[in-house]
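I opened the model to go through its chains, one topic at a time. The notes below are in the order in which I looked things up.

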Amino acid sequence: MTTPLLSLQGLTKVYPGVVANKDVTFDIGEGEVHALLGENGAGKSTLVKAIYGLIRPNEGTMLWRGQPYAPNAPAQARATGVAMVFQHFSLFDAMDVAENVALGMDNPPPIRELAARITEVSNNYGLPLDPSRMVGDLSAGERQRVEIIRCLLQNPQLLIMDEPTSVLTPQEVEILFRTLRQLRAEGRSILYISHKLEEIRSLCENATVLRLGKVVGRADPRQESARSLAEMMVGQSLHTPSRPAAQPGKMLLQVTDLSVASPSQFGTSLKGVSLSVRAGEILGIGGVAGNGQDELLGALSGEIRAPAEAVRMAGEPVGHYGPNARRAMGLLCAPEERLGHAAAPDMSLTENALLTGAWREKLVTRGFVSWGKAKGFAEKVIERFDVRTPGPWVAARALSGGNLQKFVIGREILQRPSVLVVNQPTWGVDASAAASIRQALLDLAQAGAAVVVISQDLDEILEVADNFAALNGGRLSAPRPVQGLTMDQIGLMLGGAETGETDVAA
Amino acid sequence: MDFGSINPVVLIASLMVAATPILLAAIGELVVEKAGVLNLGVEGMMIVGAVAGFAAAVTTGSPILGMLAAIIAGAAVSLIFALLTQVLMANQVASGLALTLFGLGFSALLGQSYVGIVPPRTEKLDFGPLSDLPVVGRILFGHDILVYVSLFVVAGVWYWLNYTRGGRVLRAVGENHDSAHALGYKVKRVRILAILFGGACAGLGGAYLSLVRVPQWTEGMTAGAGWIALALVVFASWKPWRVLAGAYLFGGIMVLQLNLQAAGYRIPVEYLAMSPYIITILVLVVMSSNRTRRTLAAPGSLGRSFHAAG
């Protein structure tokens, strides 16, 4: 057997009170795409941080081509040949692509030379990128390209990718996979972290499964089903969301010819958006990030005001109302950005529960906060949605992304909305938590609410939605029933080729 | 009332002198804010620099040594701020305000025995015949060394921020400290160094007040110059050359106010003294009414404490 590129032996990392990794051992071979699987909090991030030199393990050793490898800093890891694409991009909005790339390199050439190399490498790998553009203007997919190119310019032997596809469209994922296969063909190794099991099955030849910091399984993902991998991760059999067929009820949410300007300089304005959702119905809205999703959520939640008639709730014009008035009527929203939009990062869960629950849950009486009730409401959300946290006094920032997402969605669902709008409800959430969130959305619709799910995860939309519409450049296609919709048709709708009137010939 | 008695050449030459203290303090603060730190203690660092520079110059008889002492004193005071905000994670706004109050009191204590003394004279640089050229000679070649140093610092900061690796790292730290940390940059170290540079510049600016511009030591003699410098950084939307333009504009207003009074044009001093702040408020309103420009100008992590995670 040949020497593996990187060999981890008995790696243990202990934080005060938490064992993040315990005795983790596995090998990554040359030219191998190795998957690292695990739920949120399983210790994947800690492990890759140790490989990348951001933290030092308490015990255990790593061998790089048989030589001891113990990086003290990312620069040392990069010098050895390890590069990493972060889940949360480490980019700088107000700087251009070339500068962003230069910041990730140890000995960057002069900017002009670097710009030429960026253009060259980006074309070689099929990831076109203009080095002089401001990063703040780029889409999520393009931002990821900046990260990848930053890594590729250093000619890495091992590329670590932390949840690379969570913000990409199917087309962008396809492009990324082509690039990754090209890299493998060049003999480079990739350590690939993802929740999306289908992706891992199509890309990786080896998988290591972590649960609670320990290796609980190894598999060849090509030989396993997505379900068996998920069950290995979760350690129990997985519950698939189910929904009985429901009769659509009365019209609850109606948007007619809604056009609003985007409040953000990097945003997309909505142009003539119309949609309607009945009681018991789930409308899925797909589309590439940055095509007006945030604006649509803002216009529905009331953060962006519209003409009164443009948005109607159960027939009543509400377009001119702000968020609190709409909340009082039962129109609730859970935005995509968890920290800073859906939740205030430095406030406790109790305070965050109060922020949106104050009206419908009557947590405020005569201008005074009833902290007891607020705490009770937060505890109810934590219990019902299995939010893993020591208690409601914990700051929102301290929760992992998936746990906070469960809290944010649960907080709205428990307020018994008659219309619920969610954007990316399971972004960065592990398989079992995602399943429970989707089930909760289905249950909510079953109970007679109208639900709008804005998501970039098409599988998610197909799983929960009754009807599907696509956002493209701020325009919304006419909704079509999900039943019988093919991926090709969806692709056309996402591309804006189909505006709704014409039937696409099969 | 006689505008003719105001000589434009003298006006420009003297506004350069009047603007130098706020220019130095502002360019230092610009670097600090570009690193993502809001240090409201400029006034305090300036006045400590003013008294330390004055004391050292009087004791040694050398204005240059005085200025060096001011640089060291300004940096030393800013180190308190760095310790509070970067190591102990104290709130930047409160720490900065405390630093200003501390500096004002501390300098008054130190300066008690120096009131009424005349400091050694800071000579103008000798450019030989160049200084005798009409107009240009007076404006370009008729100053003391610090006026040139301040221009050199502005040019240097501009070049360093935009065209060197160090400057790029500093901007990155100020733009998004989490990203910078993830890439392996030492956020706290960069910020502490930036704070020290800001302190040194503010201290030097203060010494210019007490050694050249006034020249004398009186309690509270900075009289708000540090606050003008702070406003100037925002006014200039964090761009070095605009800081220079803004400083000379404010310097011009200060000098013009004296000239107008001398010419018998009776505007109450208070109006003119208010004008830099009024202009700053107007500029801020204009800037923030356009979200596009504002978001591009201010460093993304300005004023936020950095807690390393994991």
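Helices (H or I, at least four residues) and strands (E, at least two) are DSSP runs, numbered from the N terminus.

I noted that this is a predicted model, in which local features need pLDDT of at least 70 and side-chain atom pairs count only at pLDDT 80 or more, while totals for chains, interfaces and linings use all residues. Residues are numbered from 1 along each chain as its sequence is written, and chains are lettered from A and ligands numbered from 1 in the order in which they are written.

**Entry 1: strand S7 of chain A**

S6(A) and S7(A) run parallel and are joined by four bridges. Within this pair, Ala83(A) is opposite Leu159(A). S7(A) is also parallel to S8(A), residues 189-193, with five bridges between them. There I found Leu159(A) opposite Ile190(A).

Next I checked burial, where a residue is buried if 20 or more other C-beta atoms lie within 10 Å of its own, exposed if 12 or fewer, and partly exposed in between, with C-beta atoms placed from the backbone. Five of the five residues of S7(A) are buried. Leu158(A), Ile160(A) and Asp162(A) lie on one side, Leu159(A) and Met161(A) on the other, and both faces are covered.

**Entry 2: helix H5 of chain A**

I counted 11 of its 13 residues as buried. Among them are Arg143(A), Arg145(A), Glu147(A) and Arg150(A), as well as Ile148(A) and Ile149(A).

**Entry 3: a four-stranded sheet in chain A**

I traced an open antiparallel sheet in the order S12-S11-S14-S15. S12(A), residues 270-278, and S15(A), residues 316-317, are the edge strands, each pairing on one side only. S14(A) and S15(A) are antiparallel over two bridges. Met313(A) has Glu316(A) as its bridge partner in S15(A). H9(A), residues 293-301, packs on this sheet and touches S11, S12 and S14 of chain A, its direction making about 60° with that of S12(A). For that angle, axes are lines fitted to C-alpha atoms, for helices over the stretch in contact, and angles run from 0 to 180 degrees between N-to-C directions.

**Entry 4: chain A against chain B**

How many residues of chain A are in contact with chain B? I found 18, against 17 residues of chain B. On the chain A side, H2 (74-80) and H3 (97-103) are the elements that give two or more residues. H3(A) gives the most, with three.

**Entry 5: chain B**

I listed 13 helices and zero strands in chain B. Its C-alpha trace spans about 65 × 45 × 40 Å along the principal axes. Of its 310 residues, 46% count as buried. Contacts between residues 24 or more positions apart make up 79% of those with a separation of 6 or more.

How values were computed:
Contact = placed C-beta atoms within 7 Å. Pairing = 2+ DSSP bridges.
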